[in-house]
Amino acid sequence: MKNKYGFLQKIKCSFNKFLSKILNKKTAKAVLCICSIAFLVFAPSFIFNKTNYKINMNEYLNLTSKEKIVLNLWHIETFEGGTNSRKMYLENQAIKFNKQNNNCFVSVKTLTEEQLFLNLQSGASADIYSFGIGAGYMLPSLLMELPKNNNVRKDLQEYANLNNNIYAYPYILSGYALISHNSLVNETNSILELLQSKTINKKTIAGVCFANETSINPSQVLVENNIKDINKQNYLQCTTTYNAYTNFLSKKAVSLLGTARDVARIKNRELNGSISSCSYNFLGGYSDLIQYVGISKNLTKQQVMYATNFANFLTSSPCQTALKNYGLFSISANKIYEEDYMSNFEDALIKPLKSTNVFSNLQAIENQKNASFNILFK
């Protein structure tokens, strides 16, 4: 009896499992049919609704409910830079700024001083201006007053102030160097001796050459380094900084009073063997090789916010550190070069510097240049 009862139990269990499978399959089929019908009824209204895709794209770009802001920046160069384009530097910083403010775009356009003048005369204007000495005199009436920026050295900031108010921030610094042909000088020569003419094979070579027909004032850096009353016959007059550079290459002068750009050019020539070795005296005390950034006062409240943020962004530590990729120097009190000749150059410039107010008019600039030149040469 016991075996018979167990056999019946097995048959019962098997039957229940079989019945359960049938019911589960039927239920699954029923559920699948219901879902299919629901999909066909409701899906088209979602799939073919363009609004749904627009919202998703906005969310993907993180631009939801944000108005796009485009700021036009005019970049005016009044002196030669370092190893790479300052426009490229600005464009790269604008891209970084956009990543932090993805609805704001900064468009960079390079102008000459003459183009700036003609544009302003025609009534055109920019939202942000990047400029130096020789261009700044056209801009004071267009710029808004700015708050104090703790990233900027006090000794540099004062040269972008008017009536004790700030109208631009320095954001790039360069400097002067006295570069001399080693074949024409001795290692023990003082700076004064490096400026003296030489006679080689009955040929007179001028002591020093530098540009004297631009807005910058190289004479003043020598004056600030206690050099004065040099015989004027030691000077080889040059129109532009590039003209001075080419005259130095041709050994028409013992020394070149050049910029960071000249240092980079001549260092490269030394490396490729196209010029004999040179000595470098990096000069502190004075520099008017400073690029400033100012903001138009004719902007909307939202444009002012982004333009001010961008101006501050240019003076921030990451942007200032990036200047070492362009052969230029920071306007902060922090060093960005750790070794080599650029670190030595930086050491000369990181000490307090005198300069010329960037808003000085052309007559005032010319008067100061003449005064410096007359102190340097007799």
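**Close-up 1. Helix α13 and its span.** Helix α13 covers residues 362-376, where helices (H or I, at least four residues) and strands (E, at least two) are DSSP runs numbered from the N terminus. Its 15 residues reach 21 Å from the first C-alpha to the last, close to the 21 Å expected at 1.5 Å a residue; the expected span is 1.5 Å times one less than the number of residues. Please keep in mind that this is a predicted model, in which local features need pLDDT of at least 70, side-chain atom pairs count only at pLDDT 80 or more, and totals for chains, interfaces and linings use all residues. Residues are numbered from 1 along each chain as its sequence is written, and side-chain values use heavy atoms, with hydrogens and water left out.

**Close-up 2. The N-terminal cap of α13.** Here Asn361 caps the helix, with a side-chain oxygen 3.1 Å from the backbone nitrogen of Gln363. Such a polar contact is a pair of N or O atoms within 3.5 Å; within protein, one must be able to donate a hydrogen and the other to accept it, and residues adjacent in sequence count only if both atoms are side-chain atoms.

**Close-up 3. Helix α9 and its neighbours.** Among the buried residues of α9 are Ala260, Val263 and Ile266. The buried residues of this helix pack against β7, α8 (241-249), β11 (253-259), β12 (278-283) and α12 (340-349).

**Close-up 4. Phe310 in the largest nonpolar core.** Phe310 is one of the residues touching the most other members of this 80-residue core, a set of buried Ala, Val, Leu, Ile, Met, Phe, Trp, Tyr and Cys residues joined through side-chain atoms within 4.5 Å. Helix α10 (residues 301-314) gives the most to the core, with 6 residues.

Notes
Buried < 20%, exposed > 50% of the residue type's maximum accessible area, 1.4 Å probe, protein only. Contact = heavy atoms within 4.5 Å.
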